[in-house]
Amino acid sequence: MDTDKITIRLLGTFEVIKAGEQVSFPSSRKTRALLAYLVATGKLQLREHLCDLLWVGPADPRAGLRWSLTKLRNILNNESVRRIVADHEYVGFKPLNTETDLLAVRNLTGTSPESASTEDLRKAAALFRGEFLEGLSLPECYRFDVWCTSQREYFRQLHDKILSKLTKRFHDEPDTALQYARERLIINPYSEAAYIDLIRMLGETGNTHEAVEQYERCKKMLADELDTHPSPELESVGTKIDRRVSAAPETDKTIQKQKYLSTFSYSLAGRKKERILIENFITEALAGSTSNILLFLGEPGIGKTRMLDECMDRIYKEGGIVLTGRTFDIEVVRPYGPWIDALRSVPRSSISSDIRMDLTPLLPGLSTETSPVEKRNRIFDSVVRLFDDLAGTNKPLAVILDDIHWIDDASAALFHYIVRNVKEAGILFACSARSGELEQNKPAHTLINTLRREGRIIGHNLSPLSLEETTALVNTIDHTLDASHIYFEGKGNPLYSIEIARSDTHDKSTPSKNLEHLIGDRLARLSTQTKEIIPFLASLGQTFNTKTLEVVLNRPFEKILSSLEELEQHSILQVAGSSEYSFTHELIRRTAYSGTSEPRRKMIHTHIAKQLSSHQELRSKLAADLAHHADLGGEYELAANSLLSAAQSALRIFAYEEVAKLASQGLRQITDLPQDKRLRLQFKFLELYVDPGMRHHPPEDLIELLNNAIAEAKAAGYDDLVWNGLVSITTYYYQQGDFHHAHTFTLQSEEFGRTFGDPERVVWAVAETARCLSMLERDINKAEQLAQEASTLEAALDTVNKVYEIHMAFGLINHFKGDLDEACRQLEKALRLSRQKGGHWWECYCHLRLPMIELERGRPEEALQLCRIIKPVAMRIKDGSEGPFTEALEALALLQLQGGKQKSAVDDAIEKLRKADSKWMVFYIQSFVGKILLDNGELEEARRRAEEALVAAEAVDNKSAIAIARSILAQIVFKQNRKDEAGEIFRAIRADTNDESKISARARREIEKTKKILSN
């Protein structure tokens, strides 16, 4: 493979293919638009023109252009090939060792499609994957938007001409011509000429029924959409079709049974176990066994209905009678719905006169007489009698009900009564249900549970197809397709696999099997009012809430209800919850969505985003959805702000993976925004990554991203953003245990924070620095000075008790200095304020200090109680050390209360802390355990733990922690009669703690205790 060769595709979604793989392109739409423009125009462009085209607004358009060119060079240029060429004035693209679909189409069609060969036209048609630059829009760049729209219209017309010529040239191959005629109508649904070609080809291929439908549909489209009348040519084609229909031989007018329940049938691939199950079930029923029910369970599209079709085929082969019914979610209030559907296929002549009157409530018009009293037991008995009569004809009788998870109460009661009372053996009952929805419908749940208790249910859960089965299924459509790809995409779901296979093949299905055609036909029969809202429903997604729909359409629900009911009647929508609807299948939604032109889709998404944004409740609740619609509508600032809101909400509920995903999307979204808006959003997204709960989710280049953003903000004069960035870096380093860098950036942020003109910002900056220094325990005197300064400034501003960082700093400082009562008071105040702000991690941090203080006081009972209060929150900070540290403190308290039997719980928690690489926490727990074991006389194990505590303390370079670990270790060694070694350890302590203000009160106590022991 030529690794230097690339392919650029512009007809459809923008793609660059290199060495057979799609290139991961920069997220910037302007960068993609720049390359597309250079490739499509095929000539050198003035830098000034490109800036006017794509960088309207930013302070330095040429800087934006330079950035995009750098990205393009990295992808398209190498040492031997320079495709992106630029000098001081001009920029261009050279198609060296490059294929583009645009150039290929132009070469194949020449000056006009009329003069191109048929083979060249076929190749050109295959290159169209969609509209020109489908999905790429820059509404804020007016000049580019106008150019792109004109190009789309040009290539849409060219595609239409190519398909029109192919339809005519393959007139002698009707099936091939029909394929091109269908494709033409899809890209140009308002073209009368496209309809005329399709109707002609349908007539010539014998599809007269559909030809008539398309003729009527075209006339309706002309009247409703274009307000015009059919042309003489359309009327002439319609007349010819009418003559063919009239000339067709008379068919049997007898009402035929519906053979298939499925929307469309397909070859049954695999399912060996299910085939055997069906065969055995039918064999036993025909042999006269009691009436049981075969129940297929599984997710939508998994093949439940196809299994029922298989049962039907088997019964038909035996010359039997099949009665079919289906339940619908909207018809749970319709008594006997599926039974009415099933009984309609029974010939009236087969119904005895003595039960007709009682069956009239189920089959209106069956009898001219009416029962004086419509009693349910008479209806039930009559249905049982009818089934016995049908089964007594020596023909197998099968009753098949689909989707019984929506069955109504009356139908469920009748079902159970029939199964229990039919006299004739050998009646087969087969049903299907979505296993996940059975429990949501009380009648269905009660029915199935009752039948199970009676031993009448033969239940079978359908699993996804295997790779081999999917391959067999795909081969029935086109054996040249990549079945493994389809299996991966469809996850073994037969319906998905079929649709993916059909979308991947160039050999289109016949009309009766063409799913998109069937769905389009169903949508076309809807009322005008309902068709107007379908694009909005499809744009909202597979499932949507009624409240959201009200806001989006700006209409009360009562005004929309009739359209929703119509869609339910056509099995296009279904109720998905108490206030939700969903499309019955994603394929329906996708067809409705793709049937809307791109400009209108864009307008719809913009409208949805703005409507949701204007509604306070939905703006926060559906922030991620709002961002999605804003993005598709070209409202990138709104999209970014919505993603930020969604990420902040996810952070509050500990959904860290979702936060990372949303933050990444947000950073991609802001690339083309003006500098001030881009930088402010960029810092907010990057701040998400330095939340302590996100310690396992930051990008590898987070510090580089922050430093670059700080440099740009400093150059632009955004001092508040610079300070935010410095605080973020400080927090990040603290979480990583890099206290040296954390201390350095803390001091930088404090110095920079004082430059703010806003007094409230100065309070916050000084308080934040005090908190950071007190957490690091590196400069406690300065931390106290800054905390006092922040407190004084806060009092002057009358904002007392609003900045929790002040109280947290005082709490940590007093803990360090040994004033434990005051430490608790300040930490409890900080805890209350941090809860009000929703900072889970800071809440945990403040709260965890309280049981630590109680353990240091020698009050394990109080420590245990505090641990159990904070534990539910701490355990929800996934992948963090807060949960394991809480467990360790809890186990430590129990160890003090109950003795050695709690050591295993302590060790389990310590192991989790080791995995989380929380060295300071490992020090804290092991130093305490070592102290407890020393007091219990377990010297060897005490020494091992004290040594690990010392290693951990040295790793974080905390002088107080080192002094504590060494003091405990010296005490243990002394008790082991190694007095010289104990003396060496103690001298190391003294040498390292000359300035007592830099070590904690706890450390000083341990040093004094060690000194006393050694001096004795």
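**Exercise 1.** Is Phe544 buried or exposed, and what is its relative accessible area?

*Solution.* In this predicted model, the relative accessible area of Phe544 is 4%. Buried means under 20% relative accessible area, and Phe544 is therefore buried.

**Exercise 2.** Work out which kind of aromatic pair Phe544 and Tyr581 form, and where in the chain the two residues lie.

*Solution.* Next take the geometry, in which the ring centres are 6.2 Å apart and the planes stand at 15° to each other. Planes under 30 degrees apart count as stacked, and the pair of Phe544 and Tyr581 is accordingly a stacked one. Finally, place the residues: Phe544 belongs to strand S13 (residues 543–545) and Tyr581 to strand S15 (residues 580–583), so that the pair links distant parts of the chain, 37 residues apart.

**Exercise 3.** Classify the pair of Phe380 and Tyr417, and say which helices the pair ties together.

*Solution.* A search of the whole structure gives 17 aromatic pairs. For Phe380 and Tyr417, the ring centres are 5.3 Å apart with the planes at 50°, so this pair is tilted. Phe380 is found in helix H15 (residues 376–391) and Tyr417 in helix H16 (residues 409–421), so the pair ties together parts that are 37 residues apart in sequence. Phe380 has 6% relative accessibility and counts as buried.

**Exercise 4.** Which residues have the most contacts inside the largest nonpolar core, and what does Phe144 touch?

*Solution.* The largest nonpolar core has 196 residues, and those with the most contacts inside it are Leu10, Leu35, Phe132, Phe144, Phe885, Phe923 and Ile925. Leaving aside residues up to four places away in sequence, Phe144 touches Ala33, Leu53, Leu54, Leu133 and Leu138. A second, separate core has 46 residues, including Phe380, Val422, Leu447 and Ile448. Phe144 also takes part in a cluster in which ring pairs link Tyr37, Phe132, Phe144, Trp147, Tyr154 and Phe155.

**Exercise 5.** Describe the span of helix H40, where the helix bends, and which of its residues are buried.

*Solution.* Helix H40 (residues 860–874) has 15 residues, and the distance from its first C-alpha to its last is 19 Å, close to the 21 Å expected at 1.5 Å a residue. At Arg868 the helix H40 bends by about 30°, and a proline, Pro872, follows within four residues. The buried residues of H40 are Pro860, Ala863, Leu864, Leu866, Cys867, Ile870 and Ala874. In general, an α-helix has 3.6 residues a turn, so residues three or four places apart point the same way.

Methods. Residues are numbered from 1 along each chain as its sequence is written. This is a predicted model: local features need pLDDT of at least 70, side-chain atom pairs count only at pLDDT 80 or more; totals for chains, interfaces and linings use all residues. Side-chain values use heavy atoms; hydrogens and water are left out. A nonpolar core is a set of buried Ala, Val, Leu, Ile, Met, Phe, Trp, Tyr and Cys residues joined through side-chain atoms within 4.5 Å. Buried means under 20% relative accessible area, exposed over 50%, partly exposed in between (1.4 Å probe, protein chains only). Contact means heavy atoms within 4.5 Å. The expected span of a helix is 1.5 Å times one less than its number of residues. The bend at a residue is the angle between axes fitted to the seven residues ending there and the seven starting there. Rings of Phe, Tyr and Trp (its six-membered ring) pair if their centres lie within 6.5 Å; planes under 30 degrees apart count as stacked, over 60 as edge-to-face and the rest as tilted.
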